[in-house]
Structures are given as structure tokens and as C-alpha cells.
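The sequence and the structure are shown first, and the description follows.

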Amino acid sequence: KENFLKTEGLLFALLYVFVLTFIVFPAVSFDTTLNFMTTPDSDNSAWVYLTLNFVFSVFDTVGRKMGGIKTLDLSNGGIKIVTLSRTIFIATSYLIAFKVWGLNTDWFVLVNMALFSWSNGYAGTLCAVKAPGTVP
């Protein structure tokens, strides 16, 4: 418990990264359609799920790779800001799912998923890499 508290909030940030990801992905994220995959005679929801899962996996991997590059390192405060800024994805994902303001367009759905998954990998990796260095 003491060491968890000595990490300057980085383990709390890592916990927040994962909790936020599981709030939004996959349940809320998959409650959408991609118009370029829709045909009038068949249900292509399985392809939508596979496409969104593929986008998530690719950009999460890119974010994790970037988090491991020393020149792209952030300060502990910067990591916490990136982590907290991911909260916006709760709103955007629900706006997409409920088709509010026309935000369920294909480009917005895919860009939202790409940024969400990239920030998941990047922030999660930075938290995991830097947290052990804060404990004496």
C-alpha cells in the first residue's frame, strides 16, 4: 500500500487508463455502424466489430511503441494530464452510440477509435514504465 502511494499518482493514473478503457471499449464502442460497410440486404455488424477491434489493436500497439521511445517521454505531470484528458472519450463514445449531432459518421467513428486506442497504449505504457522509478 505504501509503495503504491509513493508512485506520485502514476499507478492511480494507470488504473484510470484501464478503467476508462473498459468503460468505453468494447461495449459502447461497438454500439455503432459504419455506413461504408452497410448493405441493404444483409447485416454486416460482425465486420464492423472486426474493423473497430482491428483499429483499436493497431493504434494501441503504435501508442505502446511510442511510449517506449525515450525521446517521446513525458514528465509525470504530463502523463497525468494525458491520462485525465482521455475522459473526453466517454462523452464522444456515447455521442456516437446515441447518434447525437451526426457524430456517427464513419470518419469520426474511426478517428475517435484511433485516438482512444493510441492514448490507451501511450499513457498506459508511460505509467507502467515510470511508476517503478518513483519508489525508493
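Among contacts in the protein chain between residues at least 6 apart in sequence, what percentage join residues at least 24 apart? The share is 79%. The model from which this value was computed is a predicted one.

## Overall architecture

The protein chain contains 6 helices and 0 strands. Read from the N terminus, its elements follow the order α-α-α-α-α-α. Along the principal axes, the C-alpha atoms fill a box of roughly 65 × 25 × 25 Å.

Of the 136 residues in the protein chain, 40% are buried. The chain exposes about 7800 Å², and carbon and sulfur atoms supply 72% of that area.

## The nonpolar cores

The largest nonpolar core has 16 residues, and the members that touch the most others are F25, L52, M113 and F116. Helices α3 (45-67), α5 (88-97) and α6 (106-130) each supply at least two residues of this core. The greatest contribution comes from α6, with 5 residues.

A further core of 8 residues lies apart from the largest one; L10, A13, I79 and L126 are among its members. In the largest core, L52 is one of the residues that touch the most other members. When its neighbours within four places in sequence are left aside, L52 is in contact with S29, F30, T32, V109, L110 and M113.

## Helix α2 and its buried side

Helix α2 comprises residues 10-24, 15 residues in number. From its first C-alpha to its last it reaches 21 Å, close to the 21 Å expected at 1.5 Å a residue. The buried residues in this helix are L10, A13, L14, V17, L20, T21 and V24. They lie on the same side of α2, because they cover an arc of only 130° around the axis. The cover over these buried residues includes α3, α4 (76-85), α5 and α6.

Is L14 buried or exposed? With a relative accessibility of 16%, L14 counts as buried, since the cut-off for buried is under 20%. Leaving aside neighbours within four places in sequence, L14 is in contact with G124, C127 and A128. The C-alpha atoms of L14 and A123 are separated by 7.6 Å, although these two residues are 109 residues apart along the chain.

## Backbone features in the loops

Which peptide bond is cis, with omega near 5°? It is the bond from F25 to P26. P26 belongs to the loop between α2 and α3, and F25 is one of the residues that touch the most other members of the largest nonpolar core.

Two residues other than glycine have a positive phi, E8 with a value near 60° and K99 with a value of about 55°. E8 lies in the loop between α1 (2-5) and α2, whereas K99 is found in the loop between α5 and α6. The relative accessible area of E8 is 44%, so E8 is partly exposed. K99 has a relative accessibility of 46% and therefore also counts as partly exposed.

Definitions and conventions
Residues are numbered from 1 along each chain as its sequence is written. This is a predicted model: local features need pLDDT of at least 70, side-chain atom pairs count only at pLDDT 80 or more; totals for chains, interfaces and linings use all residues. Side-chain values use heavy atoms; hydrogens and water are left out. A nonpolar core is a set of buried Ala, Val, Leu, Ile, Met, Phe, Trp, Tyr and Cys residues joined through side-chain atoms within 4.5 Å. Buried means under 20% relative accessible area, exposed over 50%, partly exposed in between (1.4 Å probe, protein chains only). Helices (H or I, at least four residues) and strands (E, at least two) are DSSP runs, numbered from the N terminus. Contact means heavy atoms within 4.5 Å. The expected span of a helix is 1.5 Å times one less than its number of residues. The arc is that of the directions from the helix axis to the C-beta atoms. Accessible areas come from the Shrake-Rupley method with a 1.4 Å probe; for residues, only the protein chains shown count as cover.
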